[in-house]
Amino acid sequence: MGELDFEPFLLSFKLAGITTLILFFIALPLSWWLSQTKSHFKPFIEAVVSLPIVLPPSVIGFYILFALSHNSPLGSFLEDTFGIKMVFTFTGLVIASCFYSFPFMVQPLQGGFESLNKNMIEASYIAGKSKFTTLLHVALPNIKPALLTATIITFAHTVGEFGVVLMVGGSIPGETKVASIAIYEAVEVMDYTNAHIYSVIMLAISFLVLLSVYLFNHHYTKKAGIIV
Amino acid sequence: MIKISIQKQLHGAKAEMTLDIDVSIKKGEFVAIAGESGSGKTTLLRILAGLENANGKIDVFGKQWLNGKINKTPQERGIGFVFQDYALFANMSVEKNLLFVNKDKDLAQHLLDLTQLSELKNRYPNTLSGGQKQRVALCRAFMNRPKVLLMDEPLSALDPLMRTKLQHDILTLYKEFEMTTIMVSHDPSEIYRLAQRVIVLKQGVIAKDSTPKEVFLKTKGSQKFTLQGELLDIIKADVIHIAIVAIGQQIVEVILDSSEAQSFTIGQSVAVSTKAFSPIISAI
């Protein structure tokens with residue numbers, strides 16, 4: 001048994017934290033728009049957003065690898081112009097994770113916005129408030145459980161990703177070797193002790209995260225009485 | 001003067017219908033819009049608020065709200081709107097609900113005083129009763145000092161006692177702020193108490209447009225005293241039958257003979273009438 005290395009966990013949480021932060025700002029306007037729009041394009045956009053849920057991670061990983069490698073126009077442009085290498089780097093991993101976890105941020109937020117009392121939103125418009133002010137001061141504060149669910153699930157889901165990370169990031173220690181990869185590698189070299197320790201930590205963290213979400217939502221629903 | 005001339009295709013519960021309204025409302029007038037559900041009352045109100053599109057023109061005190069080119073947003077119309085389900089901002093206290101609309105603390109305090117809500121100003125909507133919520137919503141609608149106030153069945157979710165109190169509040173505020181008010185309602189006593197004019201919609205068009213007295217006082221021949229109600233039950237008592245009729249919030253009994261009893265079906269709408277000199281009126 002080698003010495004226990006916690007770097008993969010730190011890397012996993014760093015990746016998940018950055019991904020969650022980026023996705024929050026991208027998903028917020030999109031989920032708000034989806035919840036309010038009557039556009040005919042809505043189903044198409046919803047389908048595209050949800051794709052990562054049904055696609056095998058290897059498919060997402062393959063396309064991202066293909067798009068970001070120096071053989072592709074985008075990848076070569078980034079590498080030649082800015083000197084940014086995307087494949088097998090942490091940056092590349094963040095981009096891949098953003099695609100992979102996108103629906104987990106959009107769907108709870110959209111659900112939260114859609115469950116709001118439509119008249120409450122309209123009352124804000126009638127009071128002369130813009131859509132942006134309404135989103136910030138009326139819609140967002142009234143979907144706290146959905147907000148918490150979206151951020152926590154996105155975070156947890158990113159920590160738990162494996163296939164996409166393996167394809168886009170490989171397993172470079174300190175750069176792309178996240179916890180799930182570390183477990184896989186430990187099993188591969190038959191280091192079951194470390195695999196056990198890593199797995200138990202992942203299991204415990206995942207359980208605690210989910211438990212805190214459900215406890216908060218349970219408490220909030222009870223406190224708020226009937227949420228319309 | 002508010003001039004409304006609008007058309008809109010509606011997908012009603014029963015069939016397609018066209019909302020086709022052509023009406024003028026004087027400044028400061030209190031108008032009630034009545035009619036069966038699905039007759040287009042709420043849609044008309046929402047079109048006035050800018051919450052729904054329509055063809056035609058809306059001209060409010062010389063300003064164009066809607067014509068072929070212009071369609072002002074709800075934000076630009078500067079109206080007050082009271083929803084049936086209160087629609088309060090759940091994340092804000094009573095006072096914040098008012099101040100979110102307009103940061104005029106004095107006006108907020110004045111409105112809360114008028115409606116006896118001052119003591120509740122730090123409470124959150126989910127801790128209030130229905131009547132309290134609707135009073136907050138009413139105050140909130142006045143915070144921008146709107147020229148036009150729109151109310152969509154504001155009191156229909158409240159019990160009769162609370163309705164009377166809120167009718168009083170609405171009248172107080174209406175008199176103080178002198179705003180043109182349009183209220184959707186199907187409670188004749190409420191309309192009679194509050195409105196100077198009632199417009200009855202039927203299938204998307206105006207069926208009646210008159211004073212509440214003319215629209216609701218149903219007199220026929222020499223029978224000057226007519227009440228509409230629902231036949232709840234017919235009870236046989238010896239040789240006679242007793243019909244139980246619900247009129248408004250009251251239950252009354254009317255004697256029937258057996259042939260009459262057979263001609264009615266339970267649940268149907270009925271008129272209970274008598275000559276005007278028969279009923280006895282007394283204070284309670």
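Which residue stands opposite Q228(B) in strand 14 of chain B? In this predicted model, that residue is A271(B). Residues are numbered from 1 along each chain as its sequence is written, while chains are lettered from A and ligands numbered from 1 in the order in which they are written. Local features need pLDDT of at least 70 and side-chain atom pairs count only at pLDDT 80 or more, whereas totals for chains, interfaces and linings use all residues.

**View 1. An open sheet of four strands in chain B.** The strand order is 13-12-11-14, with antiparallel pairing; strands are DSSP runs of E of at least two residues and helices are runs of H or I of at least four, both numbered from the N terminus, and two strands pair if DSSP finds at least two bridges between them. Strand 13 and strand 14 (269-274) of chain B each have a single partner strand, so one side of each is left without a neighbour in the sheet. Neighbouring strands are turned by 50° against each other on average, direction ignored; the axes are lines fitted to C-alpha atoms, for helices over the stretch in contact, and angles run from 0 to 180 degrees between N-to-C directions. Strand 11 (residues 225-237) and strand 14 of chain B run antiparallel and are joined by six bridges.

**View 2. The hairpin of strand 12 and strand 13 of chain B.** Seven bridges connect strand 12 (residues 240-247) with strand 13 in antiparallel fashion, and A243(B) has V254(B) as its bridge partner. Two residues lie between the strands, and G248(B) takes a positive phi near 60°. Strand 13 (residues 250-256) lies largely in the open, because the number buried among its seven residues is zero. A residue is buried if 20 or more other C-beta atoms, placed from the backbone, lie within 10 Å of its own, exposed if 12 or fewer, and partly exposed in between.

**View 3. An open sheet of six strands in chain B.** The order is 6-7-8-3-9-10, and the pairing is mixed. Strand 6 (80-82) and strand 10 (205-210) of chain B are the edge strands, each pairing on one side only. From one strand to the next the twist averages 20°. Strand 7 (residues 148-152) and strand 8 (residues 180-184) of chain B run parallel through five bridges, with T180(B) as the bridge partner of V148(B).

View 4. Seven of the nine residues of helix 6 of chain A are buried, so the helix is largely enclosed by the rest of the structure. Among the buried residues are M120(A), I121(A) and Y125(A). The cover includes helix 7 (131-139) of chain A, together with helix 1 (41-49), helix 2 and strand 6 of chain B. Just after the helix, G128(A) takes a positive phi of about 95°. Helix 6 (residues 118-126) also has the highest confidence in chain A, at a mean pLDDT of 95; pLDDT is the predictor's confidence in each residue, from 0 to 100.

**View 5. The side of chain B that touches chain A.** Here 17 residues of chain B are in contact with 17 residues of chain A, contact requiring C-beta atoms, placed from the backbone, within 7 Å. Helix 2 (74-77) and helix 3 (94-101) of chain B each supply at least two residues of this side.

Conventions:
Contact = placed C-beta atoms within 7 Å.
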